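Please keep the sequence and the structure in view while reading.

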Amino acid sequence: VTGATLISLLAAGHLPKGGTVAAYTAWLLLGLAVTIFRRDRLHPPLRLVLDFSAAGTIALGALMLARLPASGDYAYGLNKIELYAIVCVVPYLVGVVVGFTRRDLQLFFGVYVAMAVAAAIYNSFLLATGGANKQFSNRYSLDASIDVIGLGRTMGEVSLVLLFLIVRAETVRTRVLLLLALAPVAITFVSSGSRG
């Protein structure tokens with residue numbers, strides 16, 4: 001999500017319909033490819049790839065495909081299946097491959113938090129200057145291409161990661177910096193109006 005947000009910000013909201021999802025998918029696939037093809041990379045054991053959560057992810061996708069012909073709106077159902085593959089299956093694969101190595105997982109969370117906090121600082125600036133994109137009634141986002149619900153969910157996730165890092169911080173300075181980072185994230189979360 002933060003990768004798509006960054007690309008969307010750089011494009012100044014001029015991505016075509018579906019462009020944010022396409023950018024998000026490309027971002028994930030690039031990370032997956034880099035991780036898989038690194039020479040020093042160990043591959044996760046089969047028990048991590050084929051477990052209960054993998055079976056559930058595959059079963060839900062199969063159920064969606066099986067129920068598609070009975071859908072009242074075939075195009076809408078097909079769109080949801082495509083989104084499921086992009087937003088659930090691909091990140092699941094990335095999670096298994098990246099999460100397998102602690103160093104890569106720490107790098108992932110570091111980049112994830114840094115990008116989300118940067119987006120939150122920018123959003124807070126837009127709110128303060130009256131430049132935030134208003135969606136629905138009193139729900140604000142960075143621009144029209146970034147959905148307030150997704151933005152709220154992302155900021156909720158980042159809040160949890162920051163709280164974890166605050167608890168685990170070894171120095172007062174680190175704890176204070178993380179608390180300061182939490183402020184724009186909280187502002188963006190609340191201003192999105194999302195229940196996420």
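The model is predicted. Its protein chain has 196 residues, and buried residues make up 33% of them. The chain holds eight helices and two strands.

**Chain layout**

- Read from the N terminus, the elements follow the order α-α-α-α-α-α-β-β-α-α.

**Second largest pocket**

- The second largest pocket holds about 440 Å³ of space.
- Its lining consists of 13 residues.
- R102, Q106, F164, L165 and R168 are the lining residues that lie nearest the centre of this pocket.
- Three helices, α6 (102–129), α7 (148–168) and α8 (172–192), each contribute at least two residues to the lining.
- Helix α6 gives the most to the lining of this pocket, namely five residues.
- By residue class, the lining has seven nonpolar, three polar and three charged members.

**Nonpolar surface patch**

- A nonpolar patch on the surface is formed by V172, V176, L177 and L180.
- Together these four residues have about 390 Å² of accessible area.
- V172 has a relative accessible area of 62%, which is over the 50% cut-off, so V172 counts as exposed.

- N123 is placed in helix α6.
- The relative accessible area of N123 is 0%, so this residue is buried.
- N123 and S141 are 18 residues apart along the chain, and their C-alpha atoms are separated by 7.0 Å.
- Helix α6, where N123 sits, is the element that gives the most residues to the lining of the second largest pocket.

- G77 belongs to helix α5, which covers residues 74–99.
- G77 counts as buried because its relative accessibility is 13%, under the 20% cut-off.
- The C-alpha atoms of G77 and M64 are separated by 8.2 Å, with the two residues 13 residues apart along the chain.

How values were computed: Residues numbered from 1 in each chain as written. Predicted model: local features only at pLDDT ≥ 70, side-chain atom pairs only at ≥ 80, totals over all residues. Heavy atoms only, no water. 1 Å grid on protein atoms, 1.4 Å probe; cavity = no way out; pocket = protein on both sides within 12 Å on 5 of 7 lines; lining within 4 Å. Points joined across faces, edges and corners; volume = space filled by probe spheres on them. Helix = DSSP H or I, 4+ residues; strand = E, 2+ residues; numbered from the N terminus. Nonpolar A, V, L, I, M, F, W, Y, C, P; charged D, E, K, R; others polar. Patch = residues over 30% accessible without salt bridge, like charges linked within 9 Å, V, L, I, M, F, W, Y side chains within 5 Å. Areas by Shrake-Rupley, 256 points an atom, 1.4 Å probe, with all protein chains shown as cover. Salt bridge = Lys/Arg side-chain N within 4 Å of Asp/Glu carboxyl O. Buried < 20%, exposed > 50% of the residue type's maximum accessible area, 1.4 Å probe, protein only.
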